[in-house]
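Hi,

Here is the structure I promised to pass on to you. Have a look at it first, and then read my notes below.

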Amino acid sequence: MNWLDKLRQVLAPEDMRMFDLLGPPSLASGADGERYCRFVEAIVRSVSPDDLGDLIYLRDLIELEWDIMQYRSAKVTLISDQANKFWNVDPDSSTNDAATLSARAITNNVPKLRQLDLMIESSEIRRDRAYRELERRRAHLAKRLRDAVDRHSGAEIANDQHMHRAA
Amino acid sequence: MTSPRKIEANRRNARASTGPKTKEGKARSARNARRHGLAASILSEPQAAEGIATLTRALVGENPTAQQHGAATRVAEAQLDIARIRQARNTFISPVVLDGVRFVSLEKTERRPAWQPDGRQDTFTTTQKLVGSVAALAKTSKAFDRYERRALSRRKFAIRNLDAAKESG
């Protein structure tokens with residue numbers, strides 16, 4: 001079963017229909033589809049968006065957070081692979097402690113790590129913007145609700161006063 | 001100095017080289033300069049229109065005002081554009097990153113688009129070769145960021161307009 005079929009299983013049909021409407025979900029070949037599905041399921045179940053506008057931003061957040069996790073994981077893999085290579089070259093060396101090997105691995109891969117950092121930073125900026133837009137929409141909704149409640153309760157009070165005077 | 005006979009032969013040969021003749025050849029050469037197709041509007045893709053119409057209906061229902069319909073269409077266009085860009089990004093970048101950033105050398109002879117608008121994807125090996133190096137990854141990543149940023153900005157203002165149109169409508 002591929003990750004897309006798995007996603008169809010874990011999400012409610014309506015949530016999956018909404019996801020499909022927003023464009024085909026995509027995942028890089030070689031990525032852990034099972035893990036991605038669990039991640040999407042956890043987020044969608046805990047938030048349950050009922051407005052398509054909110055779901056658009058939720059999808060952004062899921063995809064950007066996933067990218068960030070992948071890039072961070074790539075950094076760890078890069079450093080540990082390189083450290084292992086150094087260890088394999090000379091297993092008996094006195095400088096083979098974890099800190100030294102990691103430091104050598106980082107020093108040897110500065111351009112790659114810097115590129116990954118830039119990609120993480122770029123995704124984080126877009127993720128934070130999505131959070132801000134969600135908050136803005138929610139704040140706007142809260143203001144509209146407050147105005148509606150104020151108007152309603154104002155009308156109720158005026159009505160009560162009118163009834164009181166009439167009595 | 002080139003002889004008149006040679007010049008005449010060159011002109012005769014040049015008249016014969018007027019580009020592709022067949023429909024397939026013309027279609028192929030029309031895509032010569034195409035790299036990933038993201039600079040073109042999503043409306044240039046024939047299958048996009050249906051997706052945009054469906055998403056627009058989901059956003060505003062069956063009987064929207066003209067203002068609501070316009071705003072929802074812009075949201076739908078931008079959203080599907082973002083999905084297209086992310087799909088392309090996943091094809092170009094992530095396999096290399098996920099593979100522990102094990103870059104391979106760029107082989108120019110095999111350079112061709114790894115992502116096609118019809119969703120067909122070329123082989124993983126080709127994608128790796130396209131990315132090639134840290135410098136190439138940086139360049140590709142920046143290009144995708146630029147396209148995505150523009151689409152996100154378009155969508156943000158379209159959603160705000162749609163919210164305002166729904167309130168006033």
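**Where the two chains meet: α4(A) and α4(B)**

The axes of α4(A) and helix α4 of chain B (residues 66–92) come within 12 Å and cross at roughly 15°. Here helices are DSSP runs of H or I with at least four residues, strands are runs of E with at least two, and both are numbered from the N terminus. Axes are lines fitted to C-alpha atoms, for helices over the stretch in contact, and angles run from 0 to 180 degrees between N-to-C directions. The two helices, α4(A) and α4(B), are therefore roughly parallel to each other; angles under 35 degrees count as roughly parallel, over 145 as roughly antiparallel, 65 to 115 as roughly perpendicular and the rest as oblique.

Before going further, some housekeeping. This is a predicted model, in which local features need pLDDT of at least 70 and side-chain atom pairs count only at pLDDT 80 or more, while totals for chains, interfaces and linings use all residues. Residues are numbered from 1 along each chain as its sequence is written, chains are lettered from A and ligands numbered from 1 in the order in which they are written, and side-chain values use heavy atoms, with hydrogens and water left out.

Back to the pair: α4(A) passes α4(B) in a left-handed crossing. A crossing is left-handed if the near helix is turned anticlockwise from the far one by less than a right angle, and right-handed if clockwise. On the chain A side, I56(A), D60(A), E63(A), L64(A), D67(A) and Y71(A) meet V75(B), Q79(B), R86(B), R89(B) and N90(B) of α4(B), where contact means heavy atoms within 4.5 Å. Sorted by type, the residues of this contact between α4(A) and α4(B) are 4 nonpolar, 2 polar and 5 charged. Ala, Val, Leu, Ile, Met, Phe, Trp, Tyr, Cys and Pro count as nonpolar, Asp, Glu, Lys and Arg as charged, and the others, Gly among them, as polar.

L64(A) sits in α4(A), which covers residues 52–89. With a relative accessible area of 2%, L64(A) is buried; buried means under 20% relative accessible area, exposed over 50% and partly exposed in between, using a 1.4 Å probe and protein chains only. Leaving aside neighbours within four places in sequence, L64(A) is in contact with S123(A), R126(A) and R127(A), and also with R86(B) and E148(B).

R137(A) belongs to helix α6 of chain A (residues 110–166) and is buried too, at a relative accessible area of 12%. Not counting residues up to four places away in sequence, R137(A) touches D51(A), G53(A), D54(A) and Y57(A) in chain A, plus I159(B) and D163(B) in chain B.

**Inside chain A**

Helix α1 (residues 3–10) and helix α3 (residues 33–47) of chain A have axes that come within 9 Å and cross at roughly 25°, and α1(A) and α3(A) are therefore roughly parallel to each other. The crossing of α1(A) past α3(A) is right-handed. W3(A), K6(A), L7(A) and V10(A) in α1(A) meet residues of α3(A) including Y36(A), C37(A) and V40(A). The contact of α1(A) with α3(A) involves 6 nonpolar, 1 polar and 4 charged residues.

F39(A) is also placed in α3(A). F39(A) is buried, with a relative accessible area of 18%, and beyond four places in sequence this residue touches I62(A), E65(A), W66(A) and M69(A).

**Chain B**

Chain B has 7 helices and 0 strands. Of its 169 residues, 41% count as buried. Among contacts in chain B between residues at least 6 apart in sequence, 73% join residues at least 24 apart.

A polar atom of the T56(B) side chain lies 2.6 Å from the backbone oxygen of I52(B). Leaving aside neighbours within four places in sequence, T56(B) is in contact with G61(B), H69(B), A72(B), T73(B) and A76(B).

R146(B) lies in helix α7 of chain B (residues 134–168), and counts as partly exposed at 36% relative accessibility.

Happy to hear what you make of it.

Best wishes

Technical notes: A polar contact is a pair of N or O atoms within 3.5 Å; within protein, one must be able to donate a hydrogen and the other to accept it, and residues adjacent in sequence count only if both atoms are side-chain atoms.
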